[in-house]
Structure formats: C-alpha cells, structure tokens
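Okay, thanks for coming, everyone. Let me put the model up and we'll walk through it together.

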Amino acid sequence: MKVSAKVTFLYIDRPPHGFRYTGDGCWPRIHYLKSVNTSCKLIFEEGVEAFDGDTVDIGLDFLDYKLHEARMYEGMPFELYVTDIKIAEGQIQSLVKS
C-alpha cells in the first residue's frame with residue numbers, strides 16, 4: 001500500500017534547540033477514526049525536513065498495512081503522537097492499495 005499525506009507539525013513547548021523532523025526514521029503513533037492507534041513510519045522526500053509549524057507532503061508506511069487498507073480513505077484526517085504528545089495533524093492525499 002502506498003499512502004501520501006499532507007501533514008502540519010504542531011508547535012510543541014520544548015527548549016529552542018532547532019528540533020526537526022527528517023529522513024525516514026521517525027515512527028510516531030497514528031490515530032484516526034476514533035479507534036485506530038498504531039505506529040507508522042514517516043517518509044520524507046530526499047532533502048525535505050520539517051520544523052514546528054511547517055506543512056509538508058510525506059509518505060506513510062506501516063508494519064501491518066492490511067488493517068489500514070481496510071479503513072483508510074482519501075481525504076481522511078488523522079493525528080500523529082509521540083507518547084501522549086500530539087505532534088502533527090494531517091490528511092490522506094492519495095492511497096494506492098495493494
């Protein structure tokens with residue numbers, strides 16, 4: 001399954017040390033449809049990085065994509081969390097099922 005999304009990273013109260021989201025090693029929790037809460041991998045295009053407040057287009061990947069294939073749809077809103085801190089809000093832009 002190939003998923004692309006538009007994500008806005010939220011401003012988070014933390015020391016001003018230039019924290020950024022980049023690469024493909026970020027695995028936050030994705031919440032949607034009030035029942036799905038699982039991990040996902042954020043895939044940024046090469047050279048793209050995001051800071052708090054930025055909106056970027058990214059890809060999403062999942063360890064078990066079958067759960068998501070059955071529930072996700074284009075235009076669906078979602079939220080991203082690290083522990084209990086909401087770090088971003090997004091919307092599915094395109095979805096190609098296997």
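So, K6 and D57 make a salt bridge, with their closest N and O atoms 3.0 Å apart. By salt bridge I mean a side-chain nitrogen of Lys or Arg within 4 Å of a carboxyl oxygen of Asp or Glu. K6 sits in strand β1 and D57 in strand β7, so this pair ties together parts that are 51 residues apart in sequence. Strands here are DSSP runs of E with at least two residues, helices are runs of H or I with at least four, and both are numbered from the N terminus. Both partners are partly exposed: K6 has a relative accessible area of 36%, and D57 comes in at 43%. For those words, buried is under 20% relative accessible area, exposed is over 50%, and partly exposed is in between, using a 1.4 Å probe and protein chains only.

Before I go on, the ground rules. This is a predicted model, where local features need pLDDT of at least 70 and side-chain atom pairs count only at pLDDT 80 or more, while totals for chains, interfaces and linings use all residues. Residues are numbered from 1 along each chain as its sequence is written, and side-chain values use heavy atoms, with hydrogens and water left out.

How many salt bridges do we get by this rule? Four. Another is E79 with K86, at 3.2 Å between the closest N and O atoms. K86 also meets E89 in a salt bridge, 2.7 Å from N to O. Through shared partners, E79, K86 and E89 end up in one network. On accessibility, E79 is partly exposed at 27%, K86 is partly exposed at 25%, and E89 is partly exposed at 38%.

Now the sheet. Seven strands make an open sheet in the order β4-β3-β8-β9-β1-β7-β5, with antiparallel pairing. Two strands pair if DSSP finds at least two bridges between them. At the edges you have β4 (36-39) and β5 (41-43), each pairing on one side only. Neighbouring strands are turned by 35° against each other on average, ignoring direction; the axes are lines fitted to C-alpha atoms, for helices over the stretch in contact, and angles run from 0 to 180 degrees between N-to-C directions.

Let's look at some pairs. β8 and β9 (residues 85-96) run antiparallel, joined by six bridges, and F78 faces G90 across that pairing. Their hairpin has two residues between the strands, and T83 there takes a positive phi near 50°. On to β3 (29-32), which pairs with β8 (77-82) over three bridges, with I30 opposite L80. Over at β5, three bridges link to β7 (55-61), again antiparallel, and I43 stands opposite G59.

Beyond neighbours within four places in sequence, E69 contacts M1, K97 and S98, contact being heavy atoms within 4.5 Å.

Last stop, R20, in the loop between β1 (2-9) and β2 (21-22). R20 is partly exposed, at 43% relative accessible area. Not counting residues up to four places away in sequence, R20 touches E49, A50 and F51.
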